[in-house]
Amino acid sequence: MNTPLPGIALENRRLHLGVCGSVAAYKSVEVMRDLQKAGVLVSVTLTGSAARFVAPLTFASLGASPVYGRMFDDNAEPFAHLEPGRCAHALLVAPASATTLARLAGGFADEMLAAQALAFPGPLVIAPAMNPIMWAHPATRRNVAMLRERGVIFVPPDSGPVACGDNGEGKLASRKEIVFAAAKALLEQDMAGKKVLVTLGPTREPWDGVRVWTNSSSGRMGAALALAAYLRGAEVYALAGPGVPALPEKVQRTDVNGARQMFEAAVDLWPRMDFGIFSAAVADFSPVPKGPEKFKKSAAADDISIRFTRNPDILATLAQDARPEQRILGFAAETGDLEQNARVKLHAKGMHLTAANLIGLPGSGFISVNNTVFVCDCRGREENWPTMQKTDIAWRLLDWLLTL
Ligand code: CTP
């Protein structure tokens, strides 16, 4: 997975995972592992057919607890069909077979997973996998429509070749989409109805036909923020520079190259947004382009000069046009007096919240998974945070932003 989940929010949340009979059943092991890495506690139920494809012991050995099998097994708890509903915060069925969809739509309780789903009061996420003809069948369509109407969240199957050799819609969705949907279902939707613009990654300014002016921003901080806002229920619009990691499909991502392209896209989106999160390492200056040809060294003396022109400051421009209720989070990459520079940037650029870090701290910052930040806001609140994963910093920054 490219963008890891925020452990700070998911630690000790409980997910119940239902696995149905499908060649894709083995993929549910990887889904479970991704969630466990973020601290999620996972329990599992395998249907009878699922246990033909992947062993209950596989899940148990990897830390799933408990792992349920058939109802009325000699060693089954008498109320095993009610337990996930009492303990887990969300139920994920991945892969979900046509039979299980029919059972859930019909409200049957004739098998352990169906009974547990019927007795589950929390959010239900379903990732179906089956042959494309079965997926397109009117019976399946009707079952899916009924479940959707009841608020069930679907991670729709992908199109492509399936195990039997057919081609079409029916392949289990990607692991990343299933994991993001499950994580979202485990979390409070405190940004539901909010629209968030996130700029992230580097910009790339062309000079000649092959050379560019750029920087080594990984886009990790911005990706963590876009993911965190999405997981909290926001509608997220990401303006991503080159090389930015994968984001959930439901994040409206626009890939851009240059600072001006990012600026124009941001200006266009801004009036509709509630929050602006500006994490991109935007080139402040672009080289005056030489043209589409490759610049030959034979055309130059031993040294050359390149002229640069100033790019618009995206954050500062949008802050000037902000409505009073719009809120802005910006970053400050600094050398020298971190706290003082951060305070100055907060006010000079019209941010409501600033996260500032010192450039050059080993294992922290620009291309690292961690960062060490000083945070200050427009109400005078200030804190130095210890070195943390960017995913956790993102979560905390949104906590602050929501109180401003
Ligand atoms: N920013 C922006 N557009 C720019 C430059 C910066 O939106 N053309 C945003 C960054 O995304 C960040 C904040 O402004 O949130 C501060 O960026 P930073 O590089 O720390 O500072 P600058 O404003 O560029 O000033 P300086 O380089 O002189 O420190």
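Buried means under 20% relative accessible area, exposed over 50%, and partly exposed in between, with a 1.4 Å probe and protein chains only as cover. This is a predicted model, in which local features need pLDDT of at least 70 and side-chain atom pairs count only at pLDDT 80 or more, while totals for chains, interfaces and linings use all residues. Residues are numbered from 1 along each chain as its sequence is written, and side-chain values use heavy atoms, with hydrogens and water left out.

View 1. Met 273 is buried, with a relative accessible area of 0%, and lies in the loop between helix H12 (259-269) and strand E14 (275-278); helices (H or I, at least four residues) and strands (E, at least two) are DSSP runs numbered from the N terminus. Beyond its neighbours within four places in sequence, Met 273 is in contact with residues including Lys 195, Tyr 237 and Gln 326, where contact means heavy atoms within 4.5 Å. Met 273 and Gln 326 are 53 residues apart in sequence, yet 7.3 Å apart in space from C-alpha to C-alpha.

View 2. An oxygen atom of the ligand is 2.6 Å from a backbone N or O atom of Phe 278, and a ligand oxygen atom is 2.7 Å from a backbone N or O atom of Ala 280. In the side chain of Lys 349, an N or O atom lies 2.4 Å from an oxygen atom of the ligand.

**View 3. Secondary structure around the ligand.** Helix H13 (314-320) and strand E17 (327-334) each supply at least two residues of the shell around the ligand, and E17 gives the largest share, four residues.

Technical notes: Polar contact = N/O pair within 3.5 Å; in protein donor to acceptor, adjacent residues only side chain to side chain.
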